[in-house]
Structures are given as C-alpha cells and as structure tokens.
Amino acid sequence: MLKIGLTGGIGAGKSEVSRLFASYGAVVVDADLIAREVVAPGTEGLAAVLAEFGPGVLRADGELDRPALGALVFADQDRLRALNAIVHPLVRARSAELEEAAAPDAVVVHDVPLLAENGLAPLYDLVVVVDAADEVRLDRLVRLRGMAEAEATARMAAQATREARLAVADLVIDNSGPLAALAPRVREVWDELTAR
C-alpha cells in the first residue's frame, strides 16, 4: 500500500485532483467528506459541536449550519482550534478505518486540506501539493464559488501559507492555469506514484 497525503489551499483545485486520482483507481479518503459525516445529525461529533458553539450553529432540520459555524471560526483562531479539537480526532479515526479496508496493493490518497497546518506530512509515504498562486485562488473563490472577497481572504488566512505547504511537498501539481492543463499533469504524477 502506498499512502499519499494530498493537500492544497482553498481554491487551488485539490478536489479536482482527488477526483482524477479516483478515476485512475486510487482509493480516496476525503477528510472534508468525513468531516461532514462525523457531525451528521445524531452523531457524537454534532453533540460536541453544539455543546461548544451553542444552538446557533444548528439548522431547523437538525443539520449543522456550516455558514454560521464558519463565520464564527474563520474570524477567531481560538474558536477554530476548539472546532478542530472536536472534529480532527473523529476524522482521523474514520480515515484509519477506510485505509485499513483498502487492498494491500492500493494507492490510498488521503485528501487532507489542513495537512501542513496540522503537521501531518510524516503520516504519509509521499505528500502531493496542489498549488496555485494566492491571487488565482482568491479569484476562483470569488468568481466561481461566489464568496465575498473578505470571506475568501479570511479562509485563506486561516490556512497555512503557500510556502508552508510547498515545504512539505514531495510532488507539486501546479494548477495556476486553465482546467484543461491540469489533467495531463495529474496523470504524470499518478504514473509516478504507481511506478513506486
């Protein structure tokens, strides 16, 4: 089994790279998806989030109100740390379960947005960083995701710097250009991974 840590700043295109890796046969363990799963209605994770942040982060249908929670945590590092202390251990446990279920010869790609921030690089055989210039990422968040510039800037500031991510990279996938240029580079990296 080859364990890959895949990361990139918000707006860099990590989700598209993850999707491409899955299409090539990778077992993808998506930390964002798991983070949603561990705070679904009826879970211990949601109960812990509510105990920490109060009922204002719960929608009427019982789901977590992600925009409300995001407004609290992305503006306050202490609140972000409190949320991470609840969610990260649950995500790690579920990720380990999914990895253990993979075939012995699998390429397991752990899609981890906060890999650099949380010092997780040593957990993987290789770290792949999806990289794009900060101004490119900001433009994508505002233009494609419809975020207000202030919100996009706050979310980017809450993550590791581009330099910190690149410092933990074994392989870098540049995604500063058009989407059409991404797939050939991802295929090159996949071929390199499977050759190992």
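Helix H1 (residues 14-23) passes helix H9 (residues 182-195) in a right-handed crossing, a crossing being right-handed if the near helix is turned clockwise from the far one by less than a right angle, and left-handed if anticlockwise. Helices here (H or I, at least four residues) and strands (E, at least two) are DSSP runs, numbered from the N terminus. The contact, meaning heavy atoms within 4.5 Å, is made by Glu16, Val17, Leu20 and Phe21 of H1 and by Leu182, Ala183, Val186, Val189, Trp190 and Leu193 of H9. By class, this contact of H1 with H9 has nine nonpolar, no polar and one charged residues, where Ala, Val, Leu, Ile, Met, Phe, Trp, Tyr, Cys and Pro count as nonpolar, Asp, Glu, Lys and Arg as charged, and the others, Gly among them, as polar.

The model is a predicted one, in which local features need pLDDT of at least 70 and side-chain atom pairs count only at pLDDT 80 or more, while totals for chains, interfaces and linings use all residues. Residues are numbered from 1 along each chain as its sequence is written, and side-chain values use heavy atoms, with hydrogens and water left out.

Two packed helices are described by the angle between their axes and the distance between the axes. H1 and H9 pack at an angle of about 55°, with their axes 10 Å apart, the axes being lines fitted to C-alpha atoms, for helices over the stretch in contact, and the angles running from 0 to 180 degrees between N-to-C directions. That angle makes H1 oblique to H9, because angles under 35 degrees count as roughly parallel, over 145 as roughly antiparallel, 65 to 115 as roughly perpendicular and the rest as oblique.

Not counting residues up to four places away in sequence, alanine 12 touches Val130, Ala132, Arg137, Arg140 and Asn175.

Lysine 14 has its place in H1 and is buried, at a relative accessible area of 8%. Its contacts, leaving aside neighbours within four places in sequence, are with Leu6, Thr7, Gly8, Asp111, Pro113 and Val130. Glutamate 16, which lies in H1, counts as partly exposed at 23% relative accessibility, and beyond its neighbours within four places in sequence glutamate 16 is in contact with Leu179 and Leu182.

Elsewhere in the chain, alanine 47 lies in helix H3 (residues 44-53) and is partly exposed, with a relative accessible area of 48%. The axes of H3 and H5 come within 10 Å and cross at roughly 165°, and H3 and H5 are therefore roughly antiparallel to each other. This contact is made by Gly45, Ala48, Val49, Glu52 and Phe53 of H3 and by Arg79, Ala82, Leu83, Ile86 and Leu90 of H5.

Note on methods
Buried means under 20% relative accessible area, exposed over 50%, partly exposed in between (1.4 Å probe, protein chains only).
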